[in-house]
Structure formats: C-alpha cells, structure tokens
Amino acid sequence: MPRRHIRVTGALEAPLRAALTALRTRLDVPAAFPLAVLAEAEHAAKAPALPSYDATDLPFLTLDPPASTDLDQALHLSRQGAGYRVRYAIADVAAFVVPGGALDAEAHRRVNTLYFPDGKVPLHPAVLSEGAASLLPGKVRPAALWTVDLDADGRTVAVDVRRALVRSRAKLDYAGVQRQLDAGTAEEPLQLLAVIGKLRERLEAERGGISLGVPEQEIVEHGHADDHEAAHTYELSYRAQSPAEGWNAQLSLLTGMAAADLMLASASGAGILRTLPAAPDGAVGRLRRTAHALHIDWPHHVSYAQLIRSLDPHDPRHAAFLQECTTLLRGAGYTVFRDGKLPDITTHAAVAAPYTHCTAPLRRLADRHATELCLAAVAGHAPPDWVLAVLDALPREMAEGGRRANAVERGCVDLVEAVLLKDRVGEVFDGYVVDVDEHRPTAGTVQLASPAVIGRIDGTPDTTLPLGERLQVRLTQADPTAETSPTIRFVPAVPA
C-alpha cells in the first residue's frame, strides 16, 4: 500500500528537478522505451483490433485530474426502471498489444506506471497510453464496455461486459464536477454520480468495507515572476478528497467486484483476484492506542469501518490517524486460481467482498489480463491461451512492480520534503507526535501542522515522546543529497 500521494501545482524549481532525476537513477527506474517497442506501438496505434459492436451513440464522459491524458475509464449513468444502469467503458489495451510481442514484454518488465512530481514513467508508450488507446474526448476508441444494472438500493442485479467502440463526449475534472453538483446545475448523468455513489457508500458501510480518504500532499507554487525562478516560493499542504472523487471511486469498486464475481463463477475456473486478509487483532489494537493518543474517540462498540467514516481529513489529528490506518492495507496482493480450485482467501478485507483490479489497464499490467478472463466468462469461452500462459507469474510480477512503485512514492515524498525544508534547518514548527517506536519511546514520527510534512523525531534519552500531543519541534536536518534516501530529522524544541 503506497504511503501517501503527492502532486504539483505549478512549476518545480531546478534543484528539485535535478534531485528527482538523481532519484530515478538511484531507484533504477525504466528509462526510454526500446526502439522495437516504440515501432510496435506506432504500428498498433494505426491498426488496432476493432470490435464490431458500436456503442458510440452513448454520451460517455471521463472524470480525471485536469492534466491527465492517459484516460482508462469513461462512464455513462442512467435510470433503469426503479433502479440504475452503470455503463463503464475501460480502455481495451489488448486491442493494441500483441501477446508475446515487444510491447507485451516491455509491459511485463515495467508492470505499473510510475508517478513523480515532475512527470510519469508510463507502462505503455505515449502514442498508446496518451493517444490511440486513451479514451480522449471526441475520439472513437475500442473498449471493454461494462454494463451493471442496479436496483433502487444500488445493489447489483445484472452484469455484462463486451468489446465495443465508444466515444467520450467530454473530459471533466473532479473540482468542476463538484462545483456543478454543489450548485445544482449538473445534468442528470452527473447528478446520478452523486445518487449512485451515495448508495454504494451506504452498501459499503453495511458490508463493513472501508474507503480511506487519506489526504494528498500537494506542492503549491506561490508567485509567478516571469523569468525569475528564484522569486517563486513553494509550500507543502494537504488536499482532502472531494465527494465526487469518492463517488467515482465507488464505480471503479463496483466494476472490480463484478469482475471478481464473474471469474469466481466462471465455467473455466480461472481468475486473478486482489486479496487482503483480515487485519490481526494486534494491528487493530495498535490503531486503538494511536486513536486514544490522538484524542480520537473510538468506543468499543464502534467498528473500525464506522470510525473511518466519521473522520474529517481536514483535521490534522484525523489526517494523521488516516495515514496510520494505511498500515492495515499493506498485506494486499494478487491471488490467481485455475481449474476451479478456489484459493483459501477470495476477498479483500477493505472492500469486504471479492474484488479485482480491472479498470486501469493503461497504467497497471494485471488489469488487461483480468479483463480478458471476464470477457471469456461472459461469452462462455475458454480464456485466451496467452492469458493462461502468464497467469501464475502475475502475482510475483505485480508484487515486484508494487514494491518499485512504493519505493518511488516514498522517495518522492522524502525528497520533496527535504528540498523544500533545506533552508529552514533550525526553525521551530508546531506538530503532533503520531507514532512512537515500540522499543524506543524516545524516537518516533511527527506530523507538522504546516507545512504538510511527516518526519522522524528523536527525543532526549530521559524523556518519552508524548504520543498524540501537540509539540513544538525543531528541524535539525533536511538533506536532499543523502546517498540512500533524503533525510529529515526533528527534535523537541527547548522552551525559551
């Protein structure tokens, strides 16, 4: 489970860009695509395998961050009798990637798109991921078209998936959609995003599922002096998820749950699931102690899932606790099965249901394979041989790709914090002690109230850090040039 996300508003100063380049080298991040891969991608972009079913009459739209161009999903929502119909079009990467070819081999090497504050390292060449395979507005594209019918309470009553041609009518962003919904000016498909999203959130609560609204760290640029980069200033702040983002995520969860159910019920008996065992009692007990330390009321009759839904990510104490909650999700992995032999664990504890990844094939390797298994299940066909040939190796590949993505994310956050604080060594900040080492109570983790930084703190040998308490801390080290990883260190500030 990635520790925390970071995004950029505005440009980055040159020293930070240089440090990010060095980070790529240190983490052995894949560089440019080989020429054979680029050539195959160019050819595929001009001649994809197109389906016969035409769904371009449906007015799909995409909902993503404003700068995104690798658009995996497009949606169309409508009423269906007393219930609802969710149409979710997923980019059909298999229409462009020949099994066993150079593109396929490179995707298995990269596994995931990697995100840096100054750009991304894509899973597929841009001619596909940001061009011919992306569900860009006004463009006819091949897609795996999911149709999920829901009853009046938002429960799934019917599922279909087939290959289709689709065309998005509009590329929308979360902030704009949220403004329309708040103002009451949204057209029905967007109004239904809120209606269906809330119904699915209610069902998630009923089954004991959890959606962590962990705030993003955001690099915000202040000042726009022309040609005077040194005049720009930067700060780190937290950005809480909007309701529209949560409702859109519910559609992705809905599709992933439907896909898992299709594979589990398939006559072929083959599938790939995203699984997570239930958290051990000790881990939940530790979170209860952290909640107590952060002065978060957690009555014993209130479940973990209920508590999460009551938190406000704008509150620094709640944000700190949500960050700690990600520790319960780090055991997630991919589980494959074949020949009808179901694995011991078929559910994802945070989803509280069977679930799989299938909605981001432009950015995640396993999704292309899960989609093929679902298409075969609905059609009553055996899965393609090329999928079965790599199925057993996928969990290992995805685990390795996940470790690399986590290392990139950790490295980026640590580096950005160190670069933006390097000239503030010696300053005093207000913060909260959000974690104390179990075997060394004089050391732990502090979250600053501002800027949005989380770092290590070392107390004196004769004191114990006040877990959950507000504490003034002094920055003693902010080194973005450390050979292994950037280092930020704090100590309790000595009262004047």
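Trainee: Which residue just after helix 11 takes a positive phi?
Mentor: G380 does, with a phi of about 75 degrees. Helices here are DSSP runs of H or I with at least four residues, strands are E runs of at least two, and both are numbered from the N terminus. The model is predicted, so local features need pLDDT of at least 70 and side-chain atom pairs pLDDT 80 or more, while totals for chains, interfaces and linings use all residues. Residues are numbered from 1 along each chain as its sequence is written, and side-chain values use heavy atoms, leaving out hydrogens and water.

Trainee: What makes helix 11 count as mostly covered?
Mentor: Of its 15 residues, 12 are buried. Buried means under 20% relative accessible area, exposed over 50%, and partly exposed in between, with a 1.4 Å probe and protein chains only. The buried residues include L365, D367, R368, H369 and E372.

Trainee: Why is helix 7 called oblique to helix 11?
Mentor: The axes of the two helices come within 9 Å and cross at roughly 60 degrees. That angle makes helix 7 oblique to helix 11, because under 35 degrees counts as roughly parallel, over 145 as roughly antiparallel, 65 to 115 as roughly perpendicular and the rest as oblique. Axes are lines fitted to C-alpha atoms, for helices over the stretch in contact, and angles run from 0 to 180 degrees between N-to-C directions.

Trainee: Is the crossing of helix 7 and helix 11 left-handed or right-handed?
Mentor: Left-handed: the near helix is turned anticlockwise from the far one by less than a right angle, whereas clockwise would be right-handed. The crossing of helix 6 (residues 188–207) and helix 7 is left-handed too; those helices pack at about 65 degrees with axes 8 Å apart.

Trainee: How do you know that helix 7 and helix 11 are in contact?
Mentor: A259, L262 and M263 in helix 7 meet A370, L373, C374, A377 and V378 in helix 11, and contact means heavy atoms within 4.5 Å.

Trainee: What makes a set of residues a nonpolar core?
Mentor: The members are buried Ala, Val, Leu, Ile, Met, Phe, Trp, Tyr and Cys residues joined through side-chain atoms within 4.5 Å. The largest one has 51 residues, and L77, V86, W146, I196, L251 and I272 have the most contacts inside it. Helix 7 (residues 243–265) gives the largest share of this core, 9 residues. Apart from this core lies another of 26 residues, among them L58 and A132.

Trainee: How do you know that strand 7 and strand 8 pair?
Mentor: Two strands pair if DSSP finds at least two bridges between them, and strand 7 (residues 140–150) has 11 with strand 8, running antiparallel. L145 has R162 in strand 8 as its bridge partner. In the hairpin, which has 5 residues between the strands, G154 takes a positive phi near 90 degrees. Strand 2 (residues 60–63) also pairs with strand 8 (residues 156–172), in the parallel sense over 4 bridges.

Trainee: Which order do the strands of the barrel follow?
Mentor: The 5 strands close in the order 13-14-15-17-16, with mixed pairing. Neighbouring strands of this sheet are turned by 50 degrees against each other on average, direction ignored. Strand 16 (residues 470–479) and strand 17 (residues 487–492) are antiparallel over 6 bridges, and V473 is bridged to P492.
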